[in-house]
Amino acid sequence: MKVVDRIKTFALKVWRSQALKYAVVCILGVLIVGFIDDNSVMSHLKNQHRIGELQEEIDKYNAEFRRDQAQIRELDRNPKAIEKIARERYYMKADDEDIFILSDDDRTPNSIVDNETAE
């Protein structure tokens, strides 16, 4: 019985101790801030990862913007560039030219039905 009483008295002393209460509050605070809160370490790491992805996207769009700006400057300076774009993208042609568009499709050609009759 003496051993059980000694354990009880020790447990009561520890429970009533101010240091234990501060330690429990500090541990709970660290757990809440570290893992549960909206501003936790986990959400901070997720946000850092997202920032990295967005920075890569910004860099990609800035490079695309610089390329488009250079193309616009080239179009302003060189009228041949406008003609080149009109020919390549919109299949425009000069009066004395013919355009042939070749396709690399692997489709089989449809059978041609001859609807004309010879007279």
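**Helices and a patch**

Modeller: F35 lies in helix α2. Helices here are DSSP runs (H or I, at least four residues), numbered from the N terminus. It's a predicted model, so local features need pLDDT of at least 70, side-chain atom pairs count only at 80 or more, and totals for chains, interfaces and linings use all residues. Residues are numbered from 1 along each chain as its sequence is written, and side-chain values use heavy atoms, with hydrogens and water left out.

Colleague: Which residues make the nonpolar surface patch?

Modeller: V24, I27, L28, L31, I32, V33, F35, I36, V41, M42 and L45, with an area of about 1,100 Å².

Colleague: Which element gives the largest share?

Modeller: α2, with eight residues.

Colleague: Switching topic: what's the angle between α3 and α4?

Modeller: About 115°, with the axes 5 Å apart; α3 is residues 41-77 and α4 is 79-90. Axes are lines fitted to C-alpha atoms over the stretch in contact, and angles run from 0 to 180 degrees between N-to-C directions. The two helices are therefore roughly perpendicular (65 to 115 degrees).

Colleague: Which residues meet there?

Modeller: Q71, E74, L75 and R77 in α3 meet P79, A81, I82, I85 and R89 in α4; contact means heavy atoms within 4.5 Å.

Colleague: And what does Y91 contact?

Modeller: A86, I99 and I101, leaving aside neighbours within four places in sequence. The C-alpha atoms of Y91 and I101 are 8.9 Å apart.

Key
Parallel < 35°, antiparallel > 145°, perpendicular 65-115°, else oblique. Patch = residues over 30% accessible without salt bridge, like charges linked within 9 Å, V, L, I, M, F, W, Y side chains within 5 Å. Areas by Shrake-Rupley, 256 points an atom, 1.4 Å probe, with all protein chains shown as cover. Salt bridge = Lys/Arg side-chain N within 4 Å of Asp/Glu carboxyl O.
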